[in-house]
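Here are some notes for a colleague who has not seen this structure before. Please read them with the model open.

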Amino acid sequence: MADLLAFKVEVSEYVAQVTLTGPGKGNAMGPDFWRELPEIFRELDANPQVRAVVLTGAGEHFSFGLDLSSMGGMLSRVLADDAKAAHRTVFLKEIRAMQASITAVAECTKPVIAAVSGWCIGGGLDLISAADIRLASADAQFSLREAKVAIVADMSSLQRLPNIIGEGHLRELAYTAKDIDAARAEKIGLVNDVYPDREAVLTAAHRLAREIAANPPLVVQGIKDVLETRTAPAVAEGLRYVSAWNSAFLPSHDLTEAITAVFQKREPDFKGA
């Protein structure tokens, strides 16, 4: 996997480590991320030397989520006053392509373990919701942040998290867009275990990955395939619905206000319009 711009991939002893590297601040998710993610997981899926995957972020944080500065062109097209059917159709296709990038993680036949440190915001939460297992360091912070920027989350948190943390906890996180710490994340089942720091959680993730890799690989892959039959159809239906919903209703004065407020570093003033 040469010439990756948003990731680093290493394989050793049947375990691949996929590390988010940016280039946006806090491993924010820009065009390179969305293009490279499915390519990486398709290659890992086809590689017989990989039986489990550890997914983590470089530096202090897992991911700040969508890189608004580099992805602003996509939003500006649909926010334009003349954004009629053609613009919205392009926007719908872009949303579904991004959804497919995250889904590539869930569809990988090799189990994926997310090792999270620091902030895991928005798209970062979508990404780890597509993993099989999530572990965190004590400094990890999680946020389903989209409501604060006038967006209905559309990259799979609303579809995958009900089976992970339950409806009540998901609705609380989605409606409030609040931040939760690692202890709360463990309590509600978002993460399996919490470790003292980034090094400790990464060590634990690799230990678990090696334990998985020691089992018959086709059996492990079969288990994942069987488990996915319970949830994958409902997730796919939900993703199609939210992509259509957002292509129709996402453009708003509140979204423009939210993006403007982010870049002006002030609190937004939402009007419900």
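1. Helix 3 and helix 10 run roughly antiparallel to each other. This is a predicted model, and in it the axes of helix 3 (residues 85-107) and helix 10 (residues 217-249) cross at roughly 160°. Angles over 145 degrees count as roughly antiparallel, so the pair falls in that class. The two axes come within 10 Å, and helix 3 passes helix 10 in a right-handed crossing.

2. The residues that form this contact can be picked out on both sides. Helix 3 contributes Arg88, Phe91, Leu92, Ile95, Arg96, Gln99, Thr103, Val105 and Ala106. On the side of helix 10 they meet Lys224, Glu228, Leu239, Arg240, Val242, Ser243, Ala244, Asn246, Ser247 and Ala248. Sorted by class, the contact of helix 3 with helix 10 holds nine nonpolar, five polar and five charged residues.

3. Helix 3 also packs against helix 1 (residues 31-46), at an angle of about 25° and with the axes 8 Å apart. That angle makes helix 1 roughly parallel to helix 3, because angles under 35 degrees count as such. The crossing of helix 1 and helix 3 is left-handed.

4. In the contact between helix 1 and helix 3, Trp34, Leu37, Pro38, Phe41 and Asp45 of helix 1 meet Met98, Ser101, Ile102, Ala104, Val105 and Glu107 of helix 3. By class there are eight nonpolar, one polar and two charged residues in the contact of helix 1 with helix 3.

5. The side chain of Thr19 makes a polar contact with the side chain of Gln17 at 3.1 Å. Beyond residues up to four places away in sequence, Thr19 touches Ala6, Phe7, Lys8, Thr56, Gly57 and Ala58.

6. Ser129 belongs to helix 4 (residues 123-129). With 4% relative accessibility, Ser129 counts as buried. The side chain of Ser129 reaches the backbone oxygen of Asp126 at 2.6 Å. Apart from neighbours within four places in sequence, Ser129 is in contact with Arg134, Ser156, Ser157, Arg160, Leu161 and Ile164.

Conventions: Residues numbered from 1 in each chain as written. Predicted model: local features only at pLDDT ≥ 70, side-chain atom pairs only at ≥ 80, totals over all residues. Heavy atoms only, no water. Polar contact = N/O pair within 3.5 Å; in protein donor to acceptor, adjacent residues only side chain to side chain. Contact = heavy atoms within 4.5 Å. Axes fitted to C-alpha atoms, helices over the stretch in contact; angles between N-to-C directions. Helix = DSSP H or I, 4+ residues; strand = E, 2+ residues; numbered from the N terminus. Parallel < 35°, antiparallel > 145°, perpendicular 65-115°, else oblique. Left-handed = near helix turned anticlockwise from the far one by under 90°. Nonpolar A, V, L, I, M, F, W, Y, C, P; charged D, E, K, R; others polar. Buried < 20%, exposed > 50% of the residue type's maximum accessible area, 1.4 Å probe, protein only.
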